[in-house]
Amino acid sequence: MRYYNLKLAIASDHGGFELKNKIYNYLIEKGYDIKDFGANSKESCDYPIFAKKVANSIINKECDCGILICGTGQGMAICANKTKGIRAVCVSDTYSAKMTKEHNNSNILTLGARVVGEGLAFDIVDIWLKSEFQKGRHQKRIDMLEQ
């Protein structure tokens, strides 16, 4: 299936470190190819560093899409969206995970480790990765975003 051919980027700050590692291991077990951009501990660190690394890996075509995790997911989304061509979305439910890929062609998923539990995070990630952009009328809107 197409989604297993994706090269994924993943990163977190200290607040998302534990959930990042769980998601990383979960996806490795499923056969995904993942590049981990850090953080490498729960020691306090600055989320913009990691958000920029993942965003740049997508823009430079080193990775196809990315997952960022911090306490709420909001800071990571704000930072990643500063990069032209990135459509980062903070998601805490499965329906939004599906629709943001199908309608908005999101290329970075952000999660809040203090907002979603491990099981829900796995479901969100699975649905987001398996959903596909529907193009059609949605492509016009993506093009408008890029202008």
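The model is predicted; local features require pLDDT of at least 70, side-chain atom pairs count only at pLDDT 80 or more, and totals for chains, interfaces and linings use all residues. Residues are numbered from 1 along each chain as its sequence is written, and side-chain values use heavy atoms, with hydrogens and water left out.

The protein chain contains 6 helices and 5 strands. Both are DSSP runs numbered from the N terminus (helices H or I, at least four residues; strands E, at least two). Along the sequence, their order is β-α-β-α-β-α-β-α-β-α-α. The radius of gyration is 14 Å, close to the 15 Å that the globule rule gives for 147 residues, so the protein chain is as compact as a globular protein of that length. The radius is taken over C-alpha atoms, and the rule is 2.2 Å times the number of residues to the power 0.38. The C-alpha atoms fill a box of roughly 45 × 30 × 25 Å, taken along the principal axes.

Of the 147 residues, 49% count as buried. Buried means under 20% relative accessible area, exposed over 50%, and partly exposed in between (1.4 Å probe, protein chains only). Contact means heavy atoms within 4.5 Å. Among contacts between residues at least 6 apart in sequence, 71% join residues at least 24 apart.

A nonpolar core is a set of buried Ala, Val, Leu, Ile, Met, Phe, Trp, Tyr and Cys residues joined through side-chain atoms within 4.5 Å. The largest such core has 24 residues, of which I23, L27, I67, L111 and L129 touch the most other members. At least two residues each come from β1, α1 (17-29), β3, β5 and α5 (118-130). Helix α5 gives the most, with 6 residues. Beyond its neighbours within four places in sequence, I23 contacts I10, I67, I69, L111, A121, F122 and V125. A second, separate core of 19 residues includes C45, A55, C70 and A80.

Helix α2 (residues 47-59) has 13 residues. From first C-alpha to last, α2 reaches 19 Å, close to the 18 Å expected at 1.5 Å a residue. The expected span is 1.5 Å times one less than the number of residues. Its buried residues are F50, A51, V54, A55, S57 and I58. These cover an arc of only 160° around the axis, which puts them on the same side of α2. The arc is that of the directions from the helix axis to the C-beta atoms. The buried residues of α2 pack against β1 (7-12), β3 (65-70), α3 (74-80) and β5 (108-112). After α2 comes K61, whose phi is positive, near 60°.
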